[in-house]
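Let's take a walk through this protein, one feature at a time. Keep the structure open and find each residue as it comes up.

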Amino acid sequence: MLKQLPLDKRRRFIYAEISYFSVWWEKLDETQRATVRRLIEDGQLEIVTGGWVMTDEANSHYYAIIDQLIEGHQWLELQLGVKPTSGWSIDPFGHSSTMAYILKRVGLTNMLLQRVHYSVKKHFAREKQLEFMWRQNWDHNSSTDMFTHMMPFYSYDVPHTCGPDPKICCQFDFKRLPLSKVRCPWRIPAQAITDTNVHERSHLLLDQYRKKSLLYRSNVVLVPLGDDFRWDTTKEWDDQITNYQKLFDYMNKQAGWNVEAKFGTLKEYFDAIWERNDVLPGQRPPGFPVISGDFFTYADKDDHYWAGYFTTRPFYKNMDRVLEAALRQLYTCFMFSQVIVQDMFTGKQVEAQVNPVWEDWETISDTRFELVFVARLPAIGLRTYNVTAVSKVVATTRLGKVALFNSRSFNKQTKSVFSVVIPPSPELLFSIENAYMRALFSPRSGLLQSVTLKEDDTRVKTELEFLKYGTREKSKDKSGAYLFLPDGEAKPLVYAAPLVRVVRGNIVSEVHVFLPHVEQVVRLTNSPGVDIVSLDIVNLVDIKLEKNKELVMRVYTDVTNHNREFYTDLNGFQMQKRRTRPSMPLQADVYPMSTMAYVESESTRVSILTGQALGCTSRDTGQLEVIQDRRLMQDDQRGLMQGLLDNKRTANKFRLLVERRQRDRVDKLKVGGGSSSNTSVSFPSLLRSLVQRDDAASDRHGNAERRSPRHAAAQRIRRPR
């Protein structure tokens, strides 16, 4: 690039990801760096988006999106004094409206998208809506509008950018000239441009340009020229630039062709749009449509929906969220470092609970215990607690009460400080409760059945079940790292009555059940904090012995959600309405869930809050389903070139929140006198914000879990012998 661009002022190039750009920059001497700055100043080189990476828009939390933008933009400001104006998102697998909002707020005026469902692209092309103002669902005017260009064809590579016929466009990828290792799959090679063929080749290429222009409202056409792993050799630069310049020079000399063809940057393209429509940058050109919503779930052909990667490798999705939360906490500590104080021990005893620590499934340790107590912390502060061994019973410390269902090997004669009850009848539902709710469980499955809110004695069905999806057997197209191609509806896990351990106490109560491929712990706290309003759920998932299976957790509720509508979040920033469509393949209704999903009626809302990004759907009225992990033996031919065989034992963490909706608030959300479901605008409750996980501190199940202020804190202690 440094050698080629200065040779001709007409040449242009764009660069997006600063993580790679910065590595290249470090290898340059000062003379070369000065050349880069001059190319940017002259408009030959444009930095687009300016993020550290081209962020995934499905699973990323908005904290992470902003962090990587800050990292990239600060680097650009310090090294180049540059602020990007255009967004370039050609390779995220689906697009979130949160990204448009964030780019708007960091000062960009326009953006470009590529990976959108092929049917959506066809519809937008027919209606000439491939360029539009992208507006947020909640925006009643135009303050969030982002001018957006959607690429119309299958891919961003050369065969799919010049026009609708890839067989023709591929002939103008001059890296595919004869004798090259890269060939056109349509078996018609590229041709070097000569005086003999320049007329025919120019006419053929211009015909594609004109056909592409008919899909847009403007007579300005954008034709990206690039692909993965391109522009990295002098020969490719020479072949591409030289041949295209010959084509452009010839086209521009033909008076009757009415065309001006040239190399350009993304900014120059959008500037031409503003000029043709006589509007200021970022303003809505006359007649251009306004679009709200997102572009999930992406499909590139047939029923090949890219819904699998929402869940793929959940261990790393969990780790990513833990690290991001730790980074946010570090920022907070840095910002408030002058006001953090440490309160010393006051000598007052606090209420505590001692729980058993299990050596194996049914053996209680006689040397180790779990101590749980309520920690009251000042905002952005610390407090120290001393744990002291005493020789007599203390009134403020109580032992947890233990019950075992479906026990097979517990020895009642074993001496223990804990009394263990084995109920005689496994037929009756059992419960754990706190001051806010009572949760009922099945002793046969060990799984949650319902929640009763004590405030008005309302019982809401919240029945949990684990199921498995398979993948297609008789088709060459199977599920892989990206694609979710199930062999039908999920089938319930089959198992005998599992061991169920129950611990009840004055501070925490929990149910621990051992199922095939998953151990589940449901915990209910009884502290003065807001954490009492939700059920803590940890699924310790291990599917390493499975083949071509995907494990899901499904919640059946009696919430009558209108028209089978449900809501999932976009990047932890906003909610988006979804609808289960029986006419579509089930994978079409799987969506990314970064932080939460819910179903609701006019009286009740049931939410699942998640500590890691996963795929989510709703198969029927009142249901929510979250995919836990995927183990797949084959590649899905989408670029990873491997199956999913590196599964790790992963603690997927959730909170289940049941809320009563106030009638007067529901009425205010109604549109035109109809149901609240007539609008796609919906908001999480304030309660959700208080109990949402932040996943920064380590917990007893092997992953990380936040303990909010005034929360029950757990510590394991060993008894001296």
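## A hairpin to start with

In this predicted model, a hairpin of three residues carries the chain from β15 to β16. The two strands, β15 at residues 430-433 and β16 at residues 437-441, run antiparallel and pair over four bridges.

To describe a pair of aromatic rings, you give the distance between the centres and the angle between the planes. The model has 44 aromatic pairs. Take Phe132 and Phe295: their ring centres are 6.1 Å apart and their planes sit at 50 degrees, so this pair counts as tilted. Phe132 belongs to strand β5 (residues 131-135), while Phe295 is in the loop between β7 and α10, so the pair ties together parts that are 163 residues apart in sequence. Are these two buried or exposed? Phe132 is buried, at a relative accessible area of 0%, and Phe295 is buried too, at 7%.

Next up are Phe147 and Trp274, with ring centres 4.8 Å apart and planes at 70 degrees; that angle is over 60, so the pair is edge-to-face. This one also links distant parts of the chain, since Phe147 is in strand β6 (residues 146-150) and Trp274 is in helix α9 (residues 266-277), 127 residues apart. Both Phe147 and Trp274 are buried. There's a ring cluster to look for as well: ring pairs link Phe93, Phe296, Tyr298, Trp306, Tyr309, Phe310 and Tyr482.

## Opposite charges

Side chains with opposite charges can pair up when their charged atoms come close. How many salt bridges does the structure hold? The count is 42. In one of them, Glu260 pairs with Lys262, with 3.7 Å between the closest N and O atoms, and both Glu260 and Lys262 are exposed. Arg472 and Asp303 form another, at 2.4 Å from N to O. Arg472 is in the loop between β18 and β19, and Asp303 is in the loop between β7 and α10, so the pair ties together parts that are 169 residues apart in sequence. Asp303 has 22% relative accessibility, so it counts as partly exposed.

Some salt bridges share partners, and these join Asp173, Lys175, Arg176, Arg230 and Glu236 into one network. Within that group, Arg230 and Glu236 form a salt bridge whose closest N and O atoms are 3.3 Å apart. Both Arg230 and Glu236 are buried.

## A patch on the surface

Which residues make the nonpolar surface patch of about 290 Å²? They are Tyr316, Met319 and Leu323. Tyr316 is part of helix α10, which covers residues 314-335. With a relative accessible area of 37%, Tyr316 is partly exposed.

Methods. Residues are numbered from 1 along each chain as its sequence is written. This is a predicted model: local features need pLDDT of at least 70, side-chain atom pairs count only at pLDDT 80 or more; totals for chains, interfaces and linings use all residues. Side-chain values use heavy atoms; hydrogens and water are left out. Patches are made of residues with over 30% relative accessible area and no salt bridge: like charges are joined within 9 Å, nonpolar side chains (Val, Leu, Ile, Met, Phe, Trp, Tyr) within 5 Å. Accessible areas come from the Shrake-Rupley method with a 1.4 Å probe; for residues, only the protein chains shown count as cover. A salt bridge is a side-chain nitrogen of Lys or Arg within 4 Å of a carboxyl oxygen of Asp or Glu. Buried means under 20% relative accessible area, exposed over 50%, partly exposed in between (1.4 Å probe, protein chains only). Two strands pair if DSSP finds at least two bridges between them. Rings of Phe, Tyr and Trp (its six-membered ring) pair if their centres lie within 6.5 Å; planes under 30 degrees apart count as stacked, over 60 as edge-to-face and the rest as tilted.
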